[in-house]
Amino acid sequence: MFDFLEDYDLLGAFWTTVQLAVLSAVGSLIWGTLLAAMRVGPVPLMRGFGTAYVNIVRNIPLTVIILFTSLGLNQTLGVSLGADDFESINFRLAVLGLILYTSAFVCEALRSGINTVPVGQAEAARALGLNFNQVLGLVVLPQAFRSSVGPLANVLIALIKNTTVAAAIGVAEAALLMKEMIENEAQLLLISAVIAFGFVVLTLPTGLFLGWVGKKVAVKR
Amino acid sequence: MTEVSVAKEDVAATGDLVVLKSVNKHFGALHVLQDIDLTIARGEVVVVIGPSGSGKSTLCRTINRLETIDSGSITIDGKPLPEEGKALARLRADVGMVFQSFNLFAHKTVLENVTLGQVKVRKKDKKEAEERARALLDRVGVAAQAEKYPAQLSGGQQQRVAIARALAMEPKVMLFDEPTSALDPEMINEVLEVMQQLARDGMTMIVVTHEMGFARSAANRVVFMADGRIVEQATPDQFFSNPRSDRAKDFLSKILHH
Ligand SMILES: Nc1ncnc2c1ncn2[C@@H]1O[C@H](COP(=O)(O)OP(=O)(O)O)[C@@H](O)[C@H]1O
Ligand SMILES: [Mg+2]
């Protein structure tokens with residue numbers, strides 16, 4: 001029954017999915033943290049930028065963003081992100097699109113975490129003579145991260161599933177393979193089940209693991 | 001009494017440490033600080049007392065600019081409070097602050113709480129900072145708790161750690177905003193004793209508190225505030241046994257009767 005699967009590189013496709021997810025996760029965590037720092041910071045221009053970014057990007061469908069990176073950035077503006085073959089250009093563009101999109105959600109998850117940190121923590125830090133970056137980096141964000149592990153886990157799970165949108169610009173990840181398989185084989189249900197199972201294998205342990213981490217690092221007050 | 005006043009003239013000669021001149025501050029329509037003039041000499045211990053909402057916390061917080069002021073001036077050791085940036089951070093390091101709710105960094109151990117400012121602000125190396133931290137924790141009687149997290153300590157222990165954290169910066173003056181108000185009664189004394197020792201060691205202190213025992217035994221002066229104004233200033237003995245203003249009489253009769 002599963003014989004036809006041997007004709008396809010299922011593991012390879014899921015490996016691409018994992019690479020998309022991991023690179024985008026790291027990138028969004030960094031860019032999302034910077035956005036959150038801007039949104040809580042004292043500089044009006046940065047606050048405005050952070051707020052506008054999040055509210056705009058959150059409300060654009062991911063497919064539009066991913067298509068824009070390919071059609072707009074690459075084909076119109078010639079951005080290739082340092083790659084020269086078609087395959088790696090599209091892979092990098094997909095990662096960029098996923099980062100641009102996911103970081104808005106990371107920012108909001110972190111901001112909700114920042115709101116759980118009592119103002120007294122930042123005041124005590126300021127009273128010691130720490131500057132804004134130190135107050136944020138040494139006192140507020142470490143506590144905010146710990147209390148946003150749960151929300152961040154949800155963002156990561158959504159990101160893992162969102163990597164399927166990269167199929168729209170031809171990145172050979174799991175969803176693109178699924179489309180190809182369905183076109184070639186008369187096994188719609190089986191193929192869907194196999195792909196769905198693959199995603200559950202990625203997301204379920206991620207959720208359980210981060211749930212455990214969240215409990216372990218929770219700040220006791 | 002004569003001893004105190006002689007001492008005061010002496011310190012006045014060596015310079016006033018904290019000087020507030022016609023300080024005004026509003027929260028919206030509320031005029032929380034009204035023409036505050038207050039001078040604190042080096043080594044002096046001043047207790048600020050007054051009804052809830054009279055502006056005591058706000059006064060404390062303006063002195064290290066956790067709150068900005070609308071008009072007037074505040075100088076510390078002859079230098080006006082910087083508006084912002086590096087200079088303000090440096091000034092804050094010279095002014096220790098102890099909060100009612102302790103505000104120990106919840107994600108850091110007791111030892112890390114006391115070393116953080118030394119390493120990041122005073123740029124001491126880690127080993128030196130830890131040595132000083134352990135000595136200070138020993139001085140406030142919580143050396144055994146150094147590796148624990150704040151949530152594992154009693155309120156009294158947390159507040160003593162908070163005092164050690166402030167002292168680690170070698171501040172010129174210490175501000176205490178109702179340091180014992182959040183504590184269970186049996187823990188109040190362990191904190192007051194640490195403060196009393198600090199006063200005896202010559203630290204300049206501004207203490208918002210209703211602990212009359214502390215005021216009588218450690219303070220050089222009591223400042224009574226009501227409705228954003230300084231209504232009366234006197235030595236503790238004069239103030240508690242013979243208050244001049246009606247507001248103070250009224251206030252004292254309330255806190256003495258429970
Ligand atoms: N951040 C703030 N915003 C608006 N009003 C405030 C703020 N902080 C304090 N107040 C008000 O200012 C007044 C004085 O407060 P506070 O200085 O805390 O008094 P105290 O410490 O003497 O009880 C109170 O009426 C209080 O409600
Ligand atoms: Mg108060």
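User: Hello! How many bridges join strand β1 of chain B to β2(B)?

Analyst: This is a predicted model, in which local features need pLDDT of at least 70, side-chain atom pairs count only at pLDDT 80 or more, and totals for chains, interfaces and linings use all residues. Residues are numbered from 1 along each chain as its sequence is written, chains are lettered from A and ligands numbered from 1 in the order in which they are written, and side-chain values use heavy atoms, leaving out hydrogens and water. Strands are DSSP runs of E, at least two residues, and helices runs of H or I, at least four, numbered from the N terminus; two strands pair if DSSP finds at least two bridges between them. Strand β1 (residues 16-27) of chain B runs antiparallel to β2(B), and the bridges joining them number eight.

User: Which strands of chain B stand at the edges of the sheet?

Analyst: Let's follow the order: the open sheet has four strands, β2-β1-β4-β5, with antiparallel pairing. Each edge strand has a single partner, so one side of it is left without a neighbour in the sheet; in chain B these strands are β2 and β5 (79-80).

User: What angle does the direction of α2(B) make with that of β1(B)?

Analyst: α2(B) packs on the sheet, touching β1, β2 and β4 (71-76) of chain B, where contact means heavy atoms within 4.5 Å. Angles run from 0 to 180 degrees between N-to-C directions, with axes fitted to C-alpha atoms, for helices over the stretch in contact. Between α2(B) and β1(B), the angle is about 120 degrees.

User: What share of ligand 1 does the protein bury?

Analyst: The shell (residues with a heavy atom within 4 Å) includes B:F27, B:P51 and B:S57. Taken alone, ligand 1 exposes 550 Å² (Shrake-Rupley method, 1.4 Å probe), and the buried share of that is 58%.

User: Which element gives the largest share of that shell?

Analyst: In chain B, β2 (30-41) and α2 (56-63) are the elements giving two or more residues to the shell around ligand 1. The largest share, three residues, comes from α2(B).

User: How far apart are the axes of α1 and α8 of chain A?

Analyst: A:L10, A:A13, A:F14 and A:T17 in α1(A) meet A:A174, A:L177 and A:M181 in α8(A). Helix α1 (residues 10-40) and helix α8 (residues 174-184) of chain A pack at about 145 degrees, and the distance between their axes is 8 Å.
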